[in-house]
Amino acid sequence: MLKLIPDSRTSQVLGSFILLAILLFITGDISITTATPGAEFQRMLAGLLHPQWPPFDALTQVLLQTISYALLGVAIAAIGGFILSLFFHCRLIRIVCASVRAVHELFWGLLLIQLFGLQPLAGILAIAIPYTGILAKIYAEIKQEIQQRKKLYLPTHSSYLSQFFYADWPQIKTDFASYTLYRFECGLRSGTILGFIGLPTLGFQLETSFMQGHYAEVAGLLLIFYGLIATVHWWGQFKFWPIYLVLALIYLWPNIIFTGNNLEWLLHQLIPLPLSTAEVNFYSWFKPILTEQLLPGLWQTLVTGHIALVLSAALALILYPLLSHHFGNPVTRWGGHISLVVMRSTPELILGFAFLLLWGPSLLPAIAALAIHNGAIIAHLTGRHSNHIVLRPDAPSGINSYSYEITPRLFNQFLVFTFYRWEVIMRESALLGILGLHTLGFFIDSAFESFRLDVAIILIIAGAMLNIAVDSAGRLLRQYLQLPGHLVISNNR
Amino acid sequence: MTRLILILCITLFVTPTVSARTFVFTAIPDNDETRLIQRFGKIATYLSDTLNIKVKYIPVKSYPAAVTAFRHNQVQLAWFGGLTGVQARRLTPGAQAIAQGQEDPKFKSYFIAHISTGLQLADDLPQAFYGKTMLFGSKSSTSGRLMPEFYLRKQLQNTPGEIFSRVGFSGNHSRTIALVQSGAYQLGAVNYQVWEQELADGKIDTSKVAIIWTTPDYPDYHWTVRGDIDAVWGDGFAAKLQQALFDINDPELLAAFPRSGFIPASNTDYDVIESSAKNIGLLD
């Protein structure tokens, strides 16, 4: 069972990751503070088992809002991302893309609501902006992968654009399409959780039901959400998009307002107070922000993210056999597939919210939510990867196969998936502060509540820098461990 | 197949849109949404009948969302708390406080405690607060955060972070009561009106949670309108609206609030709120 770890570098790195996680778990703010978590759990379970739905009218509205935001947001991001990916060799473009995607769409939402008010434009752009950064990067990676694979013979003087459209495009368009569709699925998730900050999407209803303890309605809404995600490959095909986009635009148009002088107002609000008001001293203004918000927020984000990363990985190792053809039978695999879909489709904000109600405030709800969501994603990727492994006829089976054959053979790929997820986990761990745990999101939300946008932007930028740092650390670690560099992108769902 | 989807989409998307000239208002979500919709739905009907215009209430998710909607003219009128009203008027030049409930000039908060703390109703905030867990309402609630924190700092000479082992924000008063009652937090600060209402509704189990301190009086909830409504809705509209609010005498409508009537208010009534907020660092 212990021959999991292939070489000493890997065992050093993993050993220290695990040790650090245990240390942080013991010293960190982790506890169950509710007096009777069992009672709330029973009410939750009773509700979940008897789903109810809000009135058809209200339900249609929130669904249409959610889908429209996702459609328009992802469409804009696909165009923007495509254009930017053509210039991805330029360092500045890469930096811009890395910066916009390092900020979670909910923080973009909070910022854009200040600019546009509570209207569709804020929601659409909150999805479009970070997704542009993500898609530009992925498109560029796909392109690079293809270009390395095959060189077509074109006249030497053919322009960059004709090289691209005649040689590369036919080969990469299916990968582009498949990844963009995956992003659309993510967009539906993002659109949903934008409701938590006040836009009229599915999350708005979800939060209302949660807050009032109407768990039956929570269950009903979640079932609809799973249905939406599970069938996206059927109704979300690109051939329908032109119609969808026009309809989405028609649907949202009456509520879209392009307001004039607000950008100026916003920019003025973003200037740090001491620079716009002479009587405030910069040091006395910045010091409490640094010591009471920024540093504690960053620390709690790191603690949450790190423990969640290790737990996600552990969970993924336990769960991946549920999907793998090497274990179980069709029935267990089907059950495993369904449970993993539910685990990874439920937005971590919603999981966190539920755990918070159950266990009370500490870092624990955030850690559990992140571990379940991300663990299921890594398990899914790993499980699918395991299906490529071909076994000898006399290979062991069951637990022996798991411990000595399959897991060791896919361990490197599993690490790649995990380290790719590291950055995402950190971004989400910052975000979950919105629920009241003291990660960066808590302080960002507080700054927005008191309309101190100058403070909010400083905290958001700090969070983005943390993300970029974690992203680079992940890349360095992958190099240090000599892991396969590329992630099979079309596999990434 | 394609056609089916198309037809489905068209029927779904063609939904009636709200006319451009609907007068829209909102309120800070200080209570369960069901109750808010019930309360403000009645107000919308009343205003609509009285002023002969279309009036609509839109619910919002958070206190700052109400302020932001007001600033962006997505609502023209709002039922704010003391602090959110001050925030909204600082961000929206020309906005005016026009009416408040009869009870609102002398509003107060209750500090409540779970029975396991052993704390009892007292004249002063006890030293026993140290090390306990404390739950406020929304971060920008006047009765659930600002004034309780103001008096807490004044009496115990320390910040909540220094006094309590954990400080949380529930989002609204109903939730604060529920969470302290369940023991998730040991102490809480709530709007006295919400407490009294939930007590009358039988939602509070007094064998689990009790009032342990009452704050001094301060001004709180009020109606605020944008400064530009006369320009859009005709001269004297703000005055008509104000009169309509004063004229509310339907007992059912007032009970939904719950207020016994509405009286004039002005921006300067909330100077004390502004200075308290500056005092504890909630405003610059």
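Before you click, residues are numbered from 1 along each chain as its sequence is written, while chains are lettered from A and ligands numbered from 1 in the order in which they are written. Because this is a prediction, local features need pLDDT of at least 70, side-chain atom pairs count only at pLDDT 80 or more, and totals for chains, interfaces and linings use all residues; side-chain values use heavy atoms, with hydrogens and water left out.

**Stop 1: chain B.** Select chain B and colour it by secondary structure: you get 12 helices and 11 strands (DSSP runs numbered from the N terminus, helices being H or I of at least four residues and strands E of at least two). The C-alpha trace spans about 65 × 55 × 40 Å along its principal axes. Of the 284 residues in chain B, 58% are buried (under 20% relative accessible area with a 1.4 Å probe, protein chains only).

**Stop 2: helix α9 of chain A.** Now pick residues 215-230 of chain A, helix α9. In α9(A), 13 of the 16 residues are buried, so the rest of the structure largely encloses this helix.

Stop 3: The structure holds four cavities of 30 Å³ or more. A cavity here is a set of points on a 1 Å grid over the protein atoms alone where a 1.4 Å probe fits but cannot get out, and its lining residues have an atom within 4 Å of a point. Points are joined across faces, edges and corners, and the volume is the space filled by probe spheres set on them.

Select E207(A), M211(A), I434(A), S170(B) and G171(B): of the 49 lining residues, these lie nearest the centre of the largest cavity. Elements giving two or more residues to this lining include α8 (202-211) of chain A and α7 (173-181) of chain B. About 980 Å³ of space lies inside. The lining has 27 nonpolar, 14 polar and eight charged residues (nonpolar is Ala, Val, Leu, Ile, Met, Phe, Trp, Tyr, Cys and Pro; charged is Asp, Glu, Lys and Arg; the others, Gly among them, are polar).

**Stop 4: the second largest cavity.** Move to A102(A), F107(A), A430(A), G463(A) and N467(A), which lie nearest the centre among 14 lining residues. The volume is about 90 Å³. Helix α20(A) gives the largest share of the lining, five residues. Domain 1 (1-30 + 280-493) and domain 2 (48-259) of chain A both contribute lining residues, so this cavity lies between them; the domain bounds come from an automatic or database assignment.

Definitions and conventions:
Expected span 1.5 Å × (residues − 1). Buried < 20%, exposed > 50% of the residue type's maximum accessible area, 1.4 Å probe, protein only. 1 Å grid on protein atoms, 1.4 Å probe; cavity = no way out; pocket = protein on both sides within 12 Å on 5 of 7 lines; lining within 4 Å.
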